[in-house]
Amino acid sequence: MENKRKIVFVNQACGFITIDIINAFAPVYQTAVIFGDIREQDVPLHPDVRTSKIIEKSRKSNLLRFIRWFIASIQIFILLATKYRKYEIFYFSVPPFAYFSSLLLKRKYSILMWDVYPDALKIVGVTSNNIIYQLWVRINKYLFSKAYKVYTIGDGLSNLMSQYVDKERIKIIPLWTGFREIRKIEKNDNPLIKNLNLENKFIVQYSGNMGITYNVEILIEFAKHLRKNDQIHFLIIGRGVKFPILKNLVEKENLNNCTLLDFVPDNELIYSLNAADLSMVMIDNKISDVSIPSKIYNILAVGSPLLSISSESSEINKLIQHYIVGKNFTEDRFRDIVDFIKSMSERPVLYNDYRKNALASSKDFTYLNASEFFEDYQNVSPL
């Protein structure tokens, strides 16, 4: 064991993507992970991986999120400087300034970005004229140029990161579904659907965060507009500050065609994914060009067509157009969105074409992509 190369992965929020990447390294490297929380899906963390827990991230408010990011970054630095002082470092982008540790730690490090800061601060109103923003830009240019490897997950993010490092240095590896095997569960066999008595409905589902920057209220507007269509039912699953707002709106409008649920446990995720006939995704316009939700890959894996609300230049729109798995609309095209929902419930041939394309596209987004990180890491990067 002592003769193996050592590498420590740093991610405050470890999900299946992180676990798959770590597991790809574990048979060859003496491997460790610094984490706030770990959410295993189909595959557990390799038993030989050394672990160190830090403070978990917060989803309650931006202020609390930044405070916990800051505390986690201090904990990460201390662990890297002591317990893992002989390890190569592989940073993920949570917390977003964890890699600042390498300003002081003089050893090999790599960075995987799927949220790019300080650019993502624009979503909370921080502009490029802000002194913290400008300092962060300088740090990025220095640290990205010195990194052994720089990874990201899409063209939009690669283009954004090219302001900090030569684009030739950036390796793009797409994300993937967290399921090793996806099985189709018919509505009559789906306990979630049966408990809600929705076996005979066409289900339009939104599952995700309901933070302050998400205009999730528009979901209620769709439900109001389609309330006379007794075939279509809206299933909204999630959490966040706007969840009680949506709940109050549903009750106020007496919307019998709309059901709200809290996030389901991970071991029941397969049922909620299979519940959707049409899956909705919303991305804030400020980050839509450089962000794509990882849940997209689970949605494609169950063969659910997509209805996304984002800018025309968004990463998700590029994916939808490339694989022909649904439609993307800007938020102002309310009438077109409603018509699309109706057409999906009324035109089975078109619907099934999208569904077949979704299933076929999912073959490009499997756990095998994790091995690409390991294989690329073995190759020497030009510095």
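This report looks at one strand and its neighbours, the nonpolar cores and a pocket in a predicted model.

Start with strand 6, residues 149-152. In a regular strand, side chains alternate between the two faces of the sheet. Here both faces are covered. Lys149 and Tyr151 lie on one side, Val150 and Thr152 on the other, and all of them are buried.

Strand 6 has a parallel partner in strand 5, residues 109-113, with 4 bridges between them. In this pairing, Met113 stands opposite Thr152. Strand 7, residues 170-172, also runs parallel to strand 6, joined by 3 bridges. There, Val150 faces Ile170.

## The crossover

How does the chain build on strands 6 and 7? Together with helix 4, residues 155-161, they make a β-α-β unit. This unit is right-handed.

## Nonpolar cores

The largest nonpolar core holds 89 residues. Ile21 and Leu80 have the most contacts inside that core. Leaving out residues up to four places away in sequence, Leu80 touches Val8, Val10, Ile34, Arg85, Ile89, Tyr91, Ser101, Leu105 and Arg107.

Another core lies apart from the largest one. This other core has 33 residues, including Met210, Leu260, Met280 and Tyr354.

Rolling a probe the size of a water molecule over the atoms shows where empty space is left. The second largest pocket has a volume of about 320 Å³. Its lining counts 14 residues. Closest to the pocket centre are Ile153, Gly154, Asp155, Glu315 and Leu319.

Which element gives the largest share of this lining? Helix 10, residues 315-323, supplies 5 residues.

Technical notes
Residues numbered from 1 in each chain as written. Predicted model: local features only at pLDDT ≥ 70, side-chain atom pairs only at ≥ 80, totals over all residues. Heavy atoms only, no water. Buried < 20%, exposed > 50% of the residue type's maximum accessible area, 1.4 Å probe, protein only. Helix = DSSP H or I, 4+ residues; strand = E, 2+ residues; numbered from the N terminus. Pairing = 2+ DSSP bridges. Right-handed = clockwise from strand over helix to strand, strands pointing away. Core = buried A, V, L, I, M, F, W, Y, C linked by side-chain atoms within 4.5 Å. Contact = heavy atoms within 4.5 Å. 1 Å grid on protein atoms, 1.4 Å probe; cavity = no way out; pocket = protein on both sides within 12 Å on 5 of 7 lines; lining within 4 Å. Points joined across faces, edges and corners; volume = space filled by probe spheres on them.
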